[in-house]
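Hi everyone, thanks for coming.

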Amino acid sequence: MRIVLMGAPGSGKGTQSQRLVEHFGIPQISTGDLLRSAVARGTEYGLRAKAAMDSGQLVVDEIVLGIIHERLAEKDAARGFILDGFPRNLAQANELSKLLQSIGAPLDAVVLFEVDYAEIIKRISGRRSCPGCGRVFNVYSTDGGAPRCDRCADKPLLLQRKDDEEETVRKRLDVYEQQTRPLAKHYGDKGLLRVINAQDSVDEVTKRLIAVLESLPAAKRLAAAS
Ligand code: AP5
């Protein structure tokens, strides 16, 4: 099963991807996570990406496409994958389509998460993540209010992402509207788009998402291959 999750910053793509990994047994490929890891490790890609990420702009396509080519070539992506935060503009979408065509493995669906902006601002301002395992929490949710990670043995303090500061979030939302949101029409025209209301609780959104994905022919292929 090869799917793309798209939606505004903070709409819940990363949270839901982790649940889909458990449900379908295919990897999450998040360009945001891959770029943050490159920045933390100080790789050439990371050094070049950092300024754009800190200011809420898109990282140049050349870097993102380089990272995606490398990641999709890894063995675990052969059964399928969940693309989280990629593609983010038309050039990336076209490049992805060419790449998948060349290996005879086209996309099965693109799911758009719809959440209103007031909720997004609240979710992002409350987001904290663990510097150890990367798990995402939210100070507004009942089970995620702890300031420390309860999964890691040394219980590290949860951190706020630098690009989650208010001004940068505003920029990221603008970039989403101008460059990413138009992809909904692009994929709609290809018959691949599925839209879900992602405004409700995490569990409710997971139920909706899984119902949409289970209805795809790809879910039956995946189940038969397991
Ligand atoms: P990236 O990391 O992809 O950020 P994003 O798309 O802005 O998405 P977020 O990670 O902010 O949100 P999310 O939708 O995953 O929400 P989450 O599940 O965490 O990108 C960061 C930067 O990297 C970009 O700005 C750009 O510079 C660069 N980049 C990345 N990809 C690129 C590309 N392809 N091309 C160029 N540049 C690229 O949830 C948010 C919070 O809400 C959490 O606290 C969570 O616990 C909570 N939450 C989730 N769901 C719910 C719910 N249903 N109810 C209540 N709370 C919820």
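**Strands, cores and cysteines**

Let's start with strand β2 (residues 28–30), which runs parallel to β3 and is joined to it by three bridges. Strands here are DSSP runs of E with at least two residues, helices are runs of H or I with at least four, and both are numbered from the N terminus. Two strands pair if DSSP finds at least two bridges between them.

Quick background: this is a predicted model, so local features need pLDDT of at least 70 and side-chain atom pairs count only at pLDDT 80 or more, while totals for chains, interfaces and linings use all residues. Residues are numbered from 1 along each chain as its sequence is written, and side-chain values use heavy atoms, leaving out hydrogens and water.

Okay, back to β3. Strand β1 (residues 2–7) also runs parallel to β3, with four bridges joining them. What is the bridge partner of Val 4 in β3? It's Leu 83, and Ile 29 stands opposite Leu 83 too.

Now look at the side chains of β3 (residues 81–84): Phe 81 and Leu 83 point one way, Ile 82 and Asp 84 the other, and all are buried. Buried means under 20% relative accessible area, exposed is over 50%, and partly exposed is in between, using a 1.4 Å probe and protein chains only.

Next, the nonpolar cores. A core is a set of buried Ala, Val, Leu, Ile, Met, Phe, Trp, Tyr and Cys residues joined through side-chain atoms within 4.5 Å. The largest one has 57 residues, and Met 1, Ile 3, Leu 20, Leu 96 and Leu 213 have the most contacts inside it. Helix α4 (residues 61–72) gives the most to this core, with six residues. Apart from it lies another core, of five residues, including Cys 130, Cys 149 and Cys 152.

Zoom in on Leu 20: leaving aside residues up to four places away in sequence, it touches Ile 3, Leu 5, Gly 25, Ile 82, Leu 209, Ile 210 and Leu 213. Touching, or contact, means heavy atoms within 4.5 Å.

So what about those cysteines? How many disulfides are there? The count is zero, where a disulfide is a pair of cysteine sulfur atoms within 2.5 Å. For Cys 130, the nearest cysteine sulfur, that of Cys 149, is 3.6 Å away. Cys 130 is buried, with a relative accessible area of 4%. For Cys 152, the nearest cysteine sulfur belongs to Cys 130, 3.7 Å away, and Cys 152 counts as buried at 13% relative accessibility.
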